[in-house]
Amino acid sequence: MHVNIDSNYKDKTGAKLASQLIRKCVHCGFCNATCPTYQTLGDERSGPRGRISIIKDLLEGKPTSTDSLHHLDQCLLCRNCETTCPSGVQYSKIYEHGKPLMENIEKRQFWPRLIRIILKRFLLSKSFHISIFIANLFKFVLPKNLRAFLPNKKGYAISTNANLKKQNKNFNSKSYNILLFRGCVQKSLKPTINTATELVLNAANCKTYIATDSVCCGALEGHLSDKTAKLKRVKENISHWKSTIKKNKIDFLVSTASACSYEIKDYLNIDGLSEDEKKSVRDIIKITKDISELLPQIYESLKNTIKIKEEKIAFHPPCTLQHGLKINGLIEKYFIDFGYDIETQFPEKHLCCGSAGTYSILNPKIAGELRDRKLTNLHQTGCKQILTANIGCITHLQSKSDKPVKHWIEKLAEDL
Ligand code: SF4
Ligand code: SF4
């Protein structure tokens with residue numbers, strides 16, 4: 001589609017990039033078939049083709065309305081549409097450049113605006129951890145969508161990190177030095193994931209370092225369209241990681257949340273980095289891995305250590321893993337090799353569960369429908385546990401599942 005870019009946008013980098021990317025779109029609509037919001041709402045403007053048209057109209061200076069922003073807000077940014085586009089349109093990039101321009105023109109109503117401000121301040125604040133503890137005590141008075149966000153005891157199978165010191169001893173020159181990025185909300189919502197990661201990596205002869213001075217990867221502020229705050233966090237992380245990697249001869253920077261892994265690997269696409277920072281990012285990206293990408297390295301050391309408990313498992317691949325990082329079937333393959341009874345195929349495996357960062361709080365109705373749909377498909381496998389690879393999916397699915405929902409690394413740690 002050709003974009004007759006309006007003179008107001010001719011000098012704006014984001015607008016120019018979005019209009020170049022839109023040119024590849026031939027308006028065929030194949031992408032609608034894999035879009036969860038189009039499938040749920042059945043409205044052209046709630047699908048990728050419609051959203052691209054909304055952004056195109058904006059760039060051409062045509063009239064917009066609060067509805068235009070509303071339809072963009074309903075996008076999960078799951079990137080499923082990119083997997084079915086025959087023209088290779090990078091929808092997510094069009095969206096990321098186009099949405100802030102729409103937000104400059106159209107304003108949300110008071111409550112959605114306030115919730116966004118609170119989320120930004122609260123989720124990344126130092127008091128988040130203590131607030132989670134207090135919120136847990138009084139969760140019966142919280143609104144349902146906020147209650148669903150709290151940790152659920154069903155997932156807490158690893159209760160201690162007492163073994164960590166013991167395991168962190170006998171490393172040799174062949175050990176990998178791993179810098180662990182623990183994320184922002186994960187360490188409060190489900191600290192067992194970080195404990196489990198250390199246990200498993202140590203058992204696989206990897207020496208672990210914690211990136212304690214790291215801040216949020218920037219995904220959260222990106223979701224809430226705060227580019228300035230995101231850039232600040234990214235710069236802080238680059239500076240911290242650069243020195244830690246050098247000092248400790250780090251082989252890999254590892255994240256256990258696929259959303260963070262994707263975000264870090266996408267740092268080069270962020271506007272506002274200096275040439276020096278871009279060079280550091282290139283070096284960092286080279287050694288950045290989602291924890292699943294370490295499976296080929298650690299499998300041999302673990303294969304005789306894992307004691308399988310006979311239990312059917314279903315694996316839900318997060319969108320950031322399957323559509324963002326394009327890691328498909330890797331975790332399932334290694335779980336089969338370990339000897340687990342894992343269900344790898346079930347209906348609508350490619351569809352988002354509705355979590356999508358802060359989406360489940362901002363759009364609880366659609367998120368709830370998608371979660372229920374996902375859980376129906378997962379439960380139909382007859383599984384006793386659901387494994388996945390991202391903290392958002394875990395808390396969102398667990399809020400309605402009577403079966404434990406865990407990170408796959410927790411499962412390995414339990415079975416060591
Ligand atoms: S499938 Fe691709 S080319 Fe077709 S409408 Fe969607 S984004 Fe455009
Ligand atoms: S990113 Fe996901 S929700 Fe958004 S348009 Fe694409 S498929 Fe639909």
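A: The crossing of α3 and α6 is left-handed, a term used if the near helix is turned anticlockwise from the far one by less than a right angle (right-handed if clockwise). The model is predicted: local features need pLDDT of at least 70, side-chain atom pairs count only at pLDDT 80 or more, and totals for chains, interfaces and linings use all residues. Residues are numbered from 1 along each chain as its sequence is written, chains are lettered from A and ligands numbered from 1 in the order in which they are written, and side-chain values use heavy atoms, with hydrogens and water left out.

Helix α3 spans residues 48–59 and helix α6 residues 91–105; helices are DSSP runs (H or I, at least four residues) numbered from the N terminus. Their axes come within 10 Å and cross at roughly 50°. Such axes are lines fitted to C-alpha atoms over the stretch in contact, with angles from 0 to 180 degrees between N-to-C directions. The two helices are therefore oblique to each other, since angles under 35 degrees count as roughly parallel, over 145 as roughly antiparallel, 65 to 115 as roughly perpendicular and the rest as oblique.

On the α3 side, P48, R51, I52, I54, I55, L58 and L59 take part in the contact (heavy atoms within 4.5 Å). Their partners in α6 are Y91, I94, Y95, G98, L101, M102 and I105. Twelve of the residues in this contact are nonpolar, one is polar and one is charged; Ala, Val, Leu, Ile, Met, Phe, Trp, Tyr, Cys and Pro count as nonpolar, Asp, Glu, Lys and Arg as charged, and the others, Gly among them, as polar.

D226 is found in the loop between α13 (219–223) and α14 (227–247).
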